Each structure stands twice: as C-alpha cells, then as structure tokens.
Amino acid sequence: MLKHLSTAYALLPRCLLSPTPRSLSRTCRLPGRMEAAVVRCLPGEPKLTISFCLGESQKHMLRDQDEALGKVLIRISNTIAKNHTKAKKSKKNRDQEPSEAAEPAVVKLFFRGDEVPDTLPNSEAWQDGAVLQVGEVKYNIQRNAPTFTTAELPVSLMAGFPVCPKLEVEFGNLQDCEFMWFKENSTNTSPKAAKEFPAQDGGWTQVGCERVHVPSNQDIGFRLKLHCTPKDGNRSGRSKELVSEGAVEAGPGVCTSDNRHAYTSKVAEWPVVRVVSYNILADIYAQTDLSKTVLYPYCAPYALQLDYRQNLIKKELAGYNADIICLQEVDKGVFVDSLTPALDAYGLDGVFRLKEKQHEGLATFYRRSKFRLLSRHDIMLSEALMSDPLHSELLEKVSENRDLKDKILQRSTSLQVTVLEDLMKPGRKVCVANTHLYWHPKGGNVRLVQMGVALRHLSHVISDVAPGAPLVFCGDFNSTPNSGVVQLLGETAVPQQHADWSSSGPNETCCMELISTFPPLLSACGQPAYTNYVGGFHGCLDYIFIQPESMQVEQVIPLPSHQEVTTYKALPSVAHPSDHIALVCDLQWNP
C-alpha cells in the first residue's frame, strides 16, 4: 500500500503535494467556475488517484480501481461532514454555543448528464469529461490529463545565459506545452528572503513565452517566474508556477565561445552534419583540493563551481546548433538534471554511459529531427578485452607482460557506441563512437591497447548491425599528434618499435605490431596547437575522426584565439568552463 502511495504521489503536480497559500488561491474553486478534479488511472495498476480542491485544502484519494464508485462518494461525503463538525467544535470553543450536527453532503458523479451508478467500478466510473458534484460545487473530471511530474528551475540564473527548466510530463508532449516567463517588478532584498518567502511578491511583468528564456542585463537583481501549462495537442492539464530561488545575476561578459557562434548561428542543412566533441570537466575533478591549488590555482574559485560552469556550458552547446554532440567527463547528475533538459529544449535527445567505479561518464546527443536512435553497443574496454573472443589475439600478446596487463584491467575506460538512422534518408546509418582514454602522460601503451579494443569492437558493430555505415569517432584520447594512438587511427598500423610501447618503463614494455580494422581515418579538425590548455601543459588531446570516403569536411569552426584562451592565464576561467576546448566541424555526408 505504501509503495502505491509513494508512486502515485510522485506523479502528482508539486503544487498539489505541497500547496502554498498562493498556489491554493489559484487552484481552489472560484465563483461561477467549474474547477478540475484530476484522475490518474492506468491499465495494469491496482490503484487510481483522485485529486481536487475541497474547501481550503487539497484532497488526494488513492483507491482501488475495482472498488465500487459508491464507496468513494461516501468517503468524500463523510470527509466533508467531519470537517464541518471540526469547524463547529472550534466555533463552540470560541463562542460557547452548542454545535449543530453536520448533515451529509450530496456527492454524485455524472457522465453526459446521467448519474453514474454507485456499483460501477472506479476504473469505469471516472471518465474524462464526467462531472463530480460535491454539495453545490461541481468539478470537471480530467482523466489522465497532461501533468508535469517534474518541474524545476535551475538554481543559478545569469544574464545572457539560457534558463532551461527541468520538465517531465506524463500524458503530454513537451513540444506542445505553453510557457510564460515573468520578471519580478521589485528587486529582492536578499537571497535568504527569496528562499524563505518565495510566494511573496510585488507583481510580475511578462518577459517571454518560449520554453527557454534568456534574461537580459535589465533582469539583474530580479527573480523570474515561469507559468507552464502541460499539453497534448489541444488537450491541457493543470498549470504550474515556478519561482526562482534567487535573482538573476550578472554574467561574465564575453565568453570564449561567443565568436565561434558566429559560424554556427543556424542548424546545418542536410546532408551536412555538425559534430561537436568536448571534455566539459567533471565536477568531481574540478572541486578537489588538487584542482584548486595545483591544477587550476589561477581560476577564480566561483568559476569552478558547478552551477556557474553549467551556465557557460549550456550556452556554448546551444550556440553551436549541433546535430551530434559527444561529451566526456559528464557527471551523472549533470546529464540528468542540467544537460538533458537544456539540450532537449534545443531539439536534441541524449544517451549516457557511466564510467564504472566513477561518478562521471560519456554522453552522446543527437538532433531528433535528423536522427533516430537505432541501437547502443557500449562496452568497458578492459572487460571486453578479457571476455570477448574478438580480442583474444590482443589479450594473448598483452598477457606476456603481467604488470601491463594488470594496469590495463584496472582501468574503467568505456567506449560509447551509438548507431543512428538518417531520418532524411531512411535506411542510411552512421556509427558514432565516444571515448575518454587513460589520462596518465606515461600511459601511451595502455592507450594503444584501449584503442585496439575500441577499433575492433567498432568494426564488429558496423558489420553486424549497420553494414556500410560510416564511423564518426570522437573523444578525449589523451594522445598528442605524434602518439601511437593517432598513428594507429591515421595510418592503420603501429610498429612494435614505437616508443609508446615502452612509455611507462621497462617493467611494462610490450612489443607488438598493432593493426587497425579500419582504412586510414581523417582527423576532421586537423591537429590544432592545443585543445587542452592548463597552467602546466598545453597540447592537442581531442579529436573527431571520420572516414574520408564517406564524409568530407566542409567547415571547421575556428578555435578561440590564443589571446582569448590566455586572457585569464589558462583554462578553465571565468570565461571558459573547462580545461579543454570544444572541437566543432561540419561534415558533408555523401548521399
């Protein structure tokens, strides 16, 4: 019973679960107006819920679907009588006058003008459009009406940066929902007051009507309010109002991505595909003492805070108008609570692969108007090496050095593999791979083995589920242009004499020739001077590799200038949210 209750309550609108005085004033009965009673009833579930405003309180009834309607109506009548008696007793205590016995209220349910029989089971009785009469009050029954099950505003709001609410709707479509944004008419005296008294305001002025709102500098110091109505086509559910916890704050001014957006102001036209690869710096790494004192001591502490960086990341990604986005170092909470709602609002769906033993992973987003997700084939590279017969030959060679083998097997490095179908040309597919290889500067041998496993797995996936599909391979490979990994991808082979095989010393040396399962791949963005720029290092570590026989590079979005990157000494900074720089390119996909 408690399980059913918790499930049902989780699906009720938040304003129903914990109404504030202001939300009650909006949802309770108004003179001359029939209010709504919301019924949630799904086949296969034993319970249904009935929610409506009775007097000054919200009622939430959880009843068996096969229970007779009459029992529910009696329960409502008894509740009214009980409340009436309590009110009379309270008055008697104040006035010392005898109270009158409460008369049972007339409670009936009508459908198309006819009274619904008391013997009818709840699942059949509570139809959409029925009318519940409670005394003199009437309620319009909305069965399985569009309902927001999640509705939240981000904590941090900055002028010039998109505010993307986190929204989940049941029985509705987010693309159909209606939105109205308001700005507070008077400034908040303090953030503490805004949190303690969110319902107290001095009036609001409408400032927007889109799902995403970008506050202006004129909004600094004011809170925002979102009035949103869940819809499914022309069918509407109960609206919700969300008020920001704090006021809009000033942004950092010019960001490193602003000039890049001039090249990506519009979505690319088919058959061009815009691809982004970006290590966005996981919060679990940005907030360590090592990061603050050794790796990024030059970065203002507030600019390392997750809320601040997420504002910059969402604005940057939205401005690229990409069709495919591959991200590394994505905190699980960031994917669920921040990136997914933000990028969904801009037309992208996403999938996530959590790195084993970690709290961060890989995310791939794709434009749903251009692509359909067909299948996923993610692996942990060390597990695949050990268990998949595809890699038996490579495993045999690696096993010749126990120390190296142990180091490789300790790594939780994953490969995210997503097969997409081109909606513009049904049947045509593309395989998108995303990875973040071992980080250690002396780990070239480990990365070579990891890439060997990745390429063989990708070759098998394409031949098995998407024959002929081109490969787009993105990621932070932690490998410079002269590394064995880049040579393997671009030249298809790494000889046993390559320096990377002994990168971690004689005890972990492994001498073998490694052959790629693909023809030579092309680095779509070339070999920039750097894609990672921190105080103690700068170099090219990130790549987007493609098959040149299937795709050609139409445009590479210029990276930020060296002056922009070093304005605040290095990355991350108040103007750039990560220690890496996003790679962005437009690819012409041969029809």
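The chain contains 16 helices and 32 strands. The model described here is predicted. Of the 591 residues in the chain, 52% are buried. Among contacts in the chain with a separation of 6 or more, 72% are between residues 24 or more positions apart.

Part of the strand pairing was examined around strand β6, residues 131–134. Strand β4, residues 107–111, runs antiparallel to β6 and is joined to β6 by 4 bridges. Within this pair, Val 107 lies opposite Val 134 of β6. Strand β6 is also joined by 4 bridges to strand β7, which spans residues 137–143. The strands β6 and β7 run antiparallel as well, and Leu 132 has Tyr 139 in β7 as its bridge partner. Together, β6 and β7 form a hairpin in which 2 residues separate the strands. Gly 135, located in the turn of this hairpin, has a positive phi of about 65 degrees.

The cysteines were considered next. The count of disulfides is 0. For Cys 585, the closest cysteine sulfur belongs to Cys 525. The two sulfur atoms are 4.2 Å apart, whereas a disulfide requires a pair within 2.5 Å, so the distance is too far for a bond. Cys 585 is buried, with a relative accessible area of 0%. Cys 255 is also buried, and its relative accessible area is 5%. Both values count as buried because they fall under 20%.

Note on methods
Residues are numbered from 1 along each chain as its sequence is written. This is a predicted model: local features need pLDDT of at least 70, side-chain atom pairs count only at pLDDT 80 or more; totals for chains, interfaces and linings use all residues. Side-chain values use heavy atoms; hydrogens and water are left out. Buried means under 20% relative accessible area, exposed over 50%, partly exposed in between (1.4 Å probe, protein chains only). Contact means heavy atoms within 4.5 Å. Two strands pair if DSSP finds at least two bridges between them.
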